[in-house]
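Have the viewer open as you read.

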Amino acid sequence: MAGSLDRDAQHLLRDLTPKVLGTIVRRYRDFAGCEDAVQEALVAAATQWPESGVPDNPRGWLTRVATRRITDEIRSSAARRLRERLVVSLIPADEQIALAADEAGASESDDTLELLFMCCHPALSPSSQVALTLRAVGGLTTFEIARAFLVPEPTMAQRLSRAKQTIKSSGVPFEAPATAERASHLGVVRQVLYLIFSEGYTASGGELLHRTDLSSEAIRLTRMLLAALPEDPEVKGLLALMLLTDARRAARTGPSGELVPLDAQDRSRWDRGAIAEGLALVGEALPRGAVGPYQLQAAIAALHDEAPSTEATDWPQILALYTLLLRMSDNPMVRLSHAIALAMVEGPEAGLAALDALGEDPRVSEHHRLDAARAHLLERAGDLAAALFHYRRAAERTTSTTERNYLLLQAGRLVELDPQR
């Protein structure tokens, strides 16, 4: 889809995709068909816009082209089945009015949040709902979704294909749940927003560490969700977590885009406004009854952001929060963070023992973050040869250029300390 579009136009298409898809799906209730139509509209934009320029209302343009594609398909299918009357029933009578409004820019309602709930189709398992929504709303690739689920890419491709087929064969309309049913889908919606943010904050592959289009969109949608559910403590916790984490973004990279780890960051570059807002949200969310995982993670992020340095961080409290978080979820990445916090409190040997146990988990046994954490703790423990090995292996396993460069730099630093290695 890149073609000869400039970077701004590519970002625009990415931003508009879930909005256009939400509009089309709401009209035609056919997720697979609508997704194909939107993809064709994106291809048309990538082909035509470099020559004709970006239209005044790009969202309306994409909506119009996608709608033509899906109505053409409806008409074609109906003609093959000799049921022209079905075409009339499937195409809304006010379609032309709606299209004119889209093209003129009169209809600018944002359907993205609605699409989040629509993807929670009752025929799908929660994990399939999450995967499908990451594709439809987040625009994530199959590879990126697979990384989020800690599964091989072919496995995730099969899951996505089965999810679309399940929806099609279920006979259940692809539509937003009734207001009374939305509460049961909140867990999936929150998880999707968190995963979109995470992919934006630390891209799973490519040249750049951050994808601010994704992280910013996740924050925007979470704000919308909180506006709709102002009393939900976990939505508040999720927004707080995003703000407190994203506040450090400017300090995470150096002048050449290189990765700067937390303990080496210039904390004066952290966004104090975002931190203040995040802290206020944590303060509002925590006293409201049962504490959930996003509130706990926000509390951990708050402890990091409030500390003047790594050494002055309240690591015992962070360890206690991660211990509580582990009781709620068997998440290998939480166990990884718990092991690092354990090392900061009880020493690197304790952390390494926890990492050894985590290494038995097939979901992360070959993940580069496990090797990177082990290398860091081995270096702290004084075993430089083993640390060098794991820095190099982590570099081989990551698909992020920025992370690979950082890990190779750490390996090179250890070689300089002992040229015989």
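## Starting from one alanine

Ala-157 is found in helix α9, which covers residues 153–170. Is this alanine buried or partly exposed? Ala-157 has a relative accessibility of 37%, so it counts as partly exposed.

Leu-150 sits in the loop between α8 (142–149) and α9, and its phi is near 60°, a positive value in a residue other than glycine. Most residues other than glycine have a negative phi. Leu-150 counts as buried because its relative accessibility is 19%, and the cut-off for buried is under 20%.

## The chain as a whole

Please keep in mind that this is a predicted model. The mean pLDDT of the protein chain is 87, and 90% of its residues reach 70 or more. Two stretches need more care. Over residues 78–88 the pLDDT stays under 50, and the model gives them eight contacts beyond four places in sequence. Residues 95–108 also have a pLDDT below 50, and this stretch has 23 contacts in the model beyond near neighbours in sequence.

The fold is built from 20 helices and zero strands. Of the 421 residues in the protein chain, 49% are buried. Among contacts with a separation of 6 or more, 64% join residues 24 or more positions apart.

In soluble globular proteins, nonpolar side chains tend to be buried together. Here the largest nonpolar core has 81 residues, and Leu-62, Leu-134 and Phe-174 have the most contacts inside it. Helix α2 (residues 31–52) gives the largest share of this core, ten residues.

Which residues does Leu-134 touch, leaving out those up to four places away in sequence? They are Gly-139, Leu-140, Ile-145, Phe-149, Val-192, Leu-195 and Ile-196.

| Helix | Residues | Length | Span, first to last C-alpha | Expected span |
|---|---|---|---|---|
| α11 | 212–228 | 17 residues | 24 Å | 24 Å |
| α20 | 401–417 | 17 residues | 25 Å | 24 Å |

The buried residues of α11 are Asp-213, Leu-214, Ser-215, Glu-217, Ala-218, Ile-219, Leu-221, Thr-222, Leu-225 and Leu-226. They pack against α1 (7–28), α6 (112–118), α10, α12 (233–246) and α13 (272–285).

## Rings and charges

How many aromatic pairs does a search of the whole structure find? There are three. In one of them, the ring centres of Tyr-194 and Tyr-294 are 5.6 Å apart and the planes meet at 55°, so the pair is tilted. This pair links distant parts of the chain: Tyr-194 belongs to helix α10 (residues 186–201) and Tyr-294 to helix α14 (residues 293–306), 100 residues apart. Tyr-194 is partly exposed, with a relative accessible area of 24%, whereas Tyr-294 is buried at 10%.

Another pair is formed by Phe-197 and Tyr-201, whose ring centres are 5.8 Å apart; their planes are at 10°, so the pair is stacked. Both residues lie in helix α10, four residues apart, about one turn of the helix. An α-helix has 3.6 residues a turn, so residues three or four places apart point the same way. Phe-197 is buried, with a relative accessible area of 4%, and Tyr-201 is buried as well, at 10%.

Two arginines also sit over ring faces. Arg-182 lies over the face of Phe-117, 4.6 Å from the ring centre. Arg-248 lies over the face of Trp-270, with 5.9 Å to the ring centre.

Conventions: Residues numbered from 1 in each chain as written. Predicted model: local features only at pLDDT ≥ 70, side-chain atom pairs only at ≥ 80, totals over all residues. Heavy atoms only, no water. pLDDT = per-residue confidence, 0-100. Contact = heavy atoms within 4.5 Å. Phe/Tyr/Trp six-rings, centres within 6.5 Å; stacked < 30°, edge-to-face > 60°. Helix = DSSP H or I, 4+ residues; strand = E, 2+ residues; numbered from the N terminus. Buried < 20%, exposed > 50% of the residue type's maximum accessible area, 1.4 Å probe, protein only. Lys NZ or Arg CZ within 6 Å of the ring centre and 35° of its normal. Expected span 1.5 Å × (residues − 1). Core = buried A, V, L, I, M, F, W, Y, C linked by side-chain atoms within 4.5 Å.
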